Amino acid sequence: MHNKKLTEKDLKSLRVFTSVAEAGGFTIAEKKLNMSKASISRHIREIEEKLGVQLCERGPSGFKLTESGLFVIEKANTALKALDNIKTEVDERHGILSGTLVIGVIEHILTDPLCHLSATIAQFTQEAPNVKLELSTERSPHNFPKA
């Protein structure tokens with residue numbers, strides 16, 4: 001009887017699978033993961049064997065998640081996000097700011113002389129060095145996703 005518990009190796013394979021799914025296929029994921037298609041395919045095949053289901057259809061017609069693949073993506077993303085949040089939550093418990101902060105601004109605000117975003121970001125980075133900042137600029141406020 002095979003051990004059906006997921007291992008650290010399976011965790012890596014799940015990360016590879018989720019990256020391929022997010023990228024919409026192997027070609028983009030290859031660059032993002034810095035892995036060959038053969039290696040990516042091996043990871044997906046191994047996690048499919050471990051879970052006993054086909055996660056995606058791949059071939060000349062492209063990449064498509066199966067119904068099981070959609071279910072596994074949802075569960076894997078929840079689990080991987082929880083793992084990624086452990087450090088942030090430990091830091092938070094000790095009063096340390098960490099994690100990722102995404103700041104969305106409208107493009108024209110950056111040229112406004114009353115906008116002190118650059119200085120504010122510099123000060124924030126000094127005071128919270130464990131926080132990764134991501135700046136998203138858009139031409140119109142209508143392009144920002146709703147929270």
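A residue counts as buried under 20% relative accessible area, as exposed over 50%, and as partly exposed in between (1.4 Å probe, protein chains only). The model is predicted: local features need pLDDT of at least 70, side-chain atom pairs count only at pLDDT 80 or more, and totals for chains, interfaces and linings use all residues. Residues are numbered from 1 along each chain as its sequence is written, and side-chain values use heavy atoms, with hydrogens and water left out.

The protein has five helices and four strands. These are DSSP runs, numbered from the N terminus (helices: H or I, at least four residues; strands: E, at least two). Their order along the sequence is α-α-α-β-β-α-β-α-β.

The radius of gyration is 20 Å, whereas a compact globule of 147 residues would have one near 15 Å. The value is taken over C-alpha atoms, and the globule rule is 2.2 Å times the number of residues to the power 0.38. Along the principal axes, the C-alpha atoms fill a box of roughly 65 × 40 × 25 Å. Of the 147 residues, 25% are buried. Among contacts (heavy atoms within 4.5 Å) with a separation of 6 or more, 55% join residues 24 or more positions apart.

Side chains of opposite charge can pair when their charged atoms come close. The structure holds eight salt bridges. Each is a side-chain nitrogen of Lys or Arg within 4 Å of a carboxyl oxygen of Asp or Glu. One of them joins Asp10 and Lys50, with N to O at 2.7 Å. This pair links distant parts of the chain, 40 residues apart: Asp10 lies in helix α1 (residues 8-23) and Lys50 in helix α3 (residues 37-51). Both Asp10 and Lys50 are buried.

A second pair lies within one helix. Lys87 and Asp91 form a salt bridge, their closest N and O atoms 2.7 Å apart. The two are four residues apart in helix α4 (residues 67-93), so about one helical turn separates them. Lys87 has 54% relative accessibility and therefore counts as exposed. Asp91 has 5% and therefore counts as buried.

Lys132 and Glu134 also meet in a salt bridge, at 3.3 Å from N to O. Lys132 is partly exposed at 49%, and Glu134 is partly exposed at 34%. Elsewhere, salt bridges that share partners join Lys9, Arg42 and Glu46 into one network.
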